Every structure is written in C-alpha cells, then in structure tokens.
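I opened this model to look up a few local points. My notes follow in the order I took them.

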Amino acid sequence: MAVDASSIATESMGILMSSDHKSVVSMNLFVALLCACILLGHLLEESRWMNESITALAIGLCTGVVILLTTGGKSSHLLVFSEDLFFIYLLPPIIFNAGFQVKKKQFFRNFMTIMTFGAAGTLISFSIISLGAMHFFHKFNIGSLKIGDYLALGAIFSATDSVCTLQVLNQDETPLLYSLVFGEGVVNDATSIVLFNAIQSFDLSNINTSTALQFFGSFLYLFAASTMLGVAAGLLSAYIIKKLYFGRHSTDREVALMILMAYFSYILSELFYLSAILTVFFCGIVMSHYTWHNVTESSRVTTKHTFATLSFVAEIFIFLYVGMDALDIDKWRFVSDSPGKSIAVSSILLALVLVGRAAFVFPLSFLSNLTKKSPQDKLSLKEQVTVWWAGLMRGSVSMALAYNQFRSSGHTDLRANATMITSTITVVLFSTVVFGLMTKPLVRILLPVSKHVSSMISSEPSSPKSITASLLSNGQDSEVNRGVEDSEANIGPVDIPRPTSLRMLLGASSHTVHHYWRRFDNAFMRPVFGGRGFVPVVPGSPVEEIGHHWRREGTNTRV
C-alpha cells in the first residue's frame, strides 16, 4: 500500500514537473519571438508597406503553422488566450502611454470633434452593424442567434484597432489627423466596451422606452464616472508626490508610485464596473500635466521611457499572439464543412464595417466643418478619407469581446458561436493586413510631407519658434517644446509674426476658453498639484541653491 502511494506521488510529481517544463519552454519560445519581432521591425522601419503590427502578426501566423505541423494539428499557439490577460495586463500600459504622450493642445483643441466621432459615431456604426447583421444572417443557417448576440456583434465590430492605427500615423507629421484618429479610437474602444457591458447586463427580451432610457442613462454615467475617476487618480498622485517629495531620498520610490498609481486607476475602474480605458487614458493626461513635472529630472526620463517601453512590448505581444491564435484548430473544426458560408458571413461583417464607418465619418465631418471658421481647422475630403480608412482596422479588442460573448466553458461548442468567432478572426486578419498595408501609401498619396508641414505651421500660428524646435527634436521631449511655446506666448510684446486680425477674431471664442482655463490652472490647480513650474531638487545638489529662484520663475509660466 505504501509502495503504491509512493509510486503515485512520484508519478504525480513527474507530471507536474513535465507540465512546468513545458510552460518554461513555451515562455522561452514566446520571448524569442518577441525579440524577432523587434529585430524585423527595426529592419523594416523604412518600409513603404510594413509596420511592426503587421510584422508581429505575420510572425505569429508563421509560428502557428509550424506548431500545427509539429503537433499534428492539435494546437497552434504557445499560450492560451485569456480576456483577463488582455484587459488586465496588456491593454492598460498601451492606453495609459497614449494619454501620457499625447500632445494635449492638439487633443483638446479638437476635443468636441473627437468626442462626436468617438461616442456618436460609434453609436451610428453600432446601429448599422447590428441591424445589418440581423437582416442578413437570417438567410444563413448558422444556428440560433438571439437579439443580444446581434447587438453584441455591433459593439464588437464598432471597436477600432487604435494600436495598429497609432503605428501607421505619425504624431509629428500629421498632428491634426493623429489627434483625431487616436482620440476617436480611444473613445471608440471605451464606448464599444461600455455598450458591450450594458448589453450583457440588461434584459433585452423585453425592450421598451423605460429600458432604453435606463440604457442611455447608464451609458452617460459610465462615461462621466470613468473620466472623473481617471482625473482624480492623476491629481492624487500629483498631490502625494508634490507634498512628500520622494526624490529627496530615492527616485525609485517616485517612479514606482507613478507606475502603480496609473495601474491602480485602471484596476479601480474595473472594480466599480466602469470604463477602465477612459479612466487610465485621462489619468495619463493628468499625470503628464501635473505629476510628471513634480518628480526629479532623472525620474522624468525614466518614467517617460518606461511607459513607452511597456506599451511597445504589450503591442507586439498582442499582435504576435493574435497571429498564432487565429490558426487554433478547435475554432475552425465546426465550420470546416461549410467554408463558403463562413466566408459569406465574414464578407458581410466586413462590408458592414466599411458602411458603418463611412456613415458617420463623412456626415459628422461635414457638421464639424460647419462649426469651424478657419479653413485650416476644417477637414478636407482627402483628410476625411484618411480618417475613414485609418479606422477600418479591427484588432484585439474585437477578438477579446467576441471570445467573451461567444465562447462558453472555454470552447466553442455551438455552430453559431464558432461561426461568429472564426468570422471575427477573419475580419481582424484581413483588415489588419490589407488595410494596414495600404494605409501608409494612402497617407503619403493623399497627404504629402509638404502638406504635413504646412498643417503643423497653420496649427501653431502664434509660435513659429516652437515649430522649429519640434522639427529639430523630431517629436522628442514634446513637453519641453510645449513649455517653450507657451512661455513665449505670455512674454510681453515680442517682435514675432502674429496672425491676422480676422484670424484672431474668428478664433476668439476658443482662445478665450483656453485663456480662462490657464488662469484657473495657474491660480488654483498648480499651487496645489504642482506641474510645470514646480522644480524638485535633490538636497545638497547645485540645483538646490537656485531651486527657489526657478520656482518663482515657474509660477510666471502660463500654460
């Protein structure tokens, strides 16, 4: 008896060690693939067609094929896909870094257009995709889909792939388009996830006016509460670091606190069932405006590159895994007997994505142009086409939501569920590869470099020196450049070119809002939360002796 127990225990330990060894081998291979993606991305940096997202996707597909062949068709990936892995660990650094690095002046200058595209545009796209799927899919015998499934499809395919879009557009070459596409992408993803969660939480078997009003009220509450939570978390981090000043003892503590507070805002939003994407995005904006200026110079460099590196690795990780997971044999087994039907469903969904995006980009651009008095602030037809095209790519958010809606007990045991997941994978792969490959050449054809430069000049007419600084620095240290231009705008009478009287008159309303915000920020916010003008010093260093002088100088800076 004792011998049997001992042998069983030994066998169990052997199986456990074998399982651990397989996990270690999988992680080693995956890390090696990440390194290969970085190397190939560097070699293809100047490519007219390729970008790192498509490179990682292609490597993932090739790796999936190799694994399929070596395992006899049993598996195609090294790691098991998990929505928690995506939403809890990979997405937060990407969205936070986007908010942390975004050029706030361009973003908030187009804030109303971004919110209109991101919120109202997503609702339009959601309606078209849901109604279109409901109309066309009844003609296919793909299984039973409920009203909630059709609405979920609308939310799933309304979510654009902001990760891939960010790698295609350049913030310095096309600042207006970058702020529009990126800002709309973040709000779009947040809106899609809010819609998806609302669809799952509401009883859609009996839709009436009361349910619709509750749905709309919940939607507005989630948006407002998520934004406020992100702002509050950013301000709290700024206040703590400014008051306690960790840098006098250890810069490691202030760097760690910034990273943990950023992640804490995301997790806290998930805890309260809010939109964590919006929360961490606005937390990144607030922390870049206040907290980042309250830490020491070395910590500023460290945090800037740490956030960028984490975001970069997470992006490559996502696309590499999506490529491998797309070939998972379990998903395709249920639709292998009717490939034509699967292709038809995927084609319909892709067509609905194209129509749904066009249905709001061009009309809302027209309405937005009616509110703009200056021709430089209006979106031309070529720019509207670029905005429409850049938002056609679907990615990991769509895949994660599709898994959440159509996968039960860890596998797709229904034909309808399997069809929806495989169709989602097909749309994601096709849109990322085809649309992604064509976006760079399209931007170069529609918006040549000279156009980019002229748009940059027109967007910053009051500070020509800032344009030269940003061009020479190639977008690095954009916060410093903005500080230069903002401080120049508040130095008394300086002999620099000014916009015409008509231009100043037409732009008076927006400049007045910005002017009052600057006065409020300087009078109430920065004395409490710090920001540009607060210069932390290390005790005993030469900077400490002139610290009070720089603080006095900093309070005169207007942003």
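I began with aspartate 521, which counts as buried at 0% relative accessibility. The model is a predicted one. Aspartate 521 forms a salt bridge with arginine 526, and the closest N and O atoms are 3.1 Å apart. I looked up arginine 526 as well: its relative accessibility is 9%, so it counts as buried.

I then searched the whole structure for salt bridges and found three. One of them joins the side chains of glutamate 184 and arginine 357, at 2.9 Å from N to O. Glutamate 184 sits in helix α8 (residues 175-201) and arginine 357 in helix α14 (residues 339-371), so this pair ties together parts 173 residues apart in sequence. I noted both glutamate 184 and arginine 357 as buried.

Another salt bridge is between arginine 300 and glutamate 297, at 3.4 Å from N to O. Both residues lie in helix α12 (residues 297-325), three residues apart, or about one turn of the helix. I checked the cover on each: arginine 300 is buried at 13% relative accessibility, whereas glutamate 297 is exposed at 51%.

Next I turned to the cysteines. How many disulfides does the count come to? I got zero. For cysteine 35, the closest cysteine sulfur is that of cysteine 37, 9.2 Å away, which is too far for a bond; the cut-off I used is 2.5 Å. Cysteine 35 is partly exposed, with a relative accessible area of 44%. I also looked up cysteine 62, which counts as exposed at 52% relative accessibility.

Alanine 159 was my next entry. I placed it in the loop between α6 (147-156) and α7 (162-168). Is alanine 159 buried or exposed? At 0% relative accessibility, I put alanine 159 down as buried. Leaving out residues up to four places away in sequence, alanine 159 touches Asn188, Asp189, Ser192, Arg394, Val397 and Ser398. Serine 192 is 33 residues from alanine 159 in sequence, but their C-alpha atoms are 5.6 Å apart.

I checked the length of helix α9 (residues 209-244). Its 36 residues should span 52 Å at 1.5 Å a residue, and its end C-alpha atoms are 52 Å apart, which agrees. Just after α9, I noted a positive phi of about 50° at tyrosine 245.

Last, I looked at the surface. Leu40, Leu43 and Leu44 make a nonpolar patch of about 270 Å². I found leucine 43 in helix α1 (residues 2-43), and leucine 43 is exposed, with a relative accessible area of 65%.

Definitions and conventions. Residues numbered from 1 in each chain as written. Predicted model: local features only at pLDDT ≥ 70, side-chain atom pairs only at ≥ 80, totals over all residues. Heavy atoms only, no water. Patch = residues over 30% accessible without salt bridge, like charges linked within 9 Å, V, L, I, M, F, W, Y side chains within 5 Å. Areas by Shrake-Rupley, 256 points an atom, 1.4 Å probe, with all protein chains shown as cover. Salt bridge = Lys/Arg side-chain N within 4 Å of Asp/Glu carboxyl O. Helix = DSSP H or I, 4+ residues; strand = E, 2+ residues; numbered from the N terminus. Buried < 20%, exposed > 50% of the residue type's maximum accessible area, 1.4 Å probe, protein only. Contact = heavy atoms within 4.5 Å. Expected span 1.5 Å × (residues − 1).
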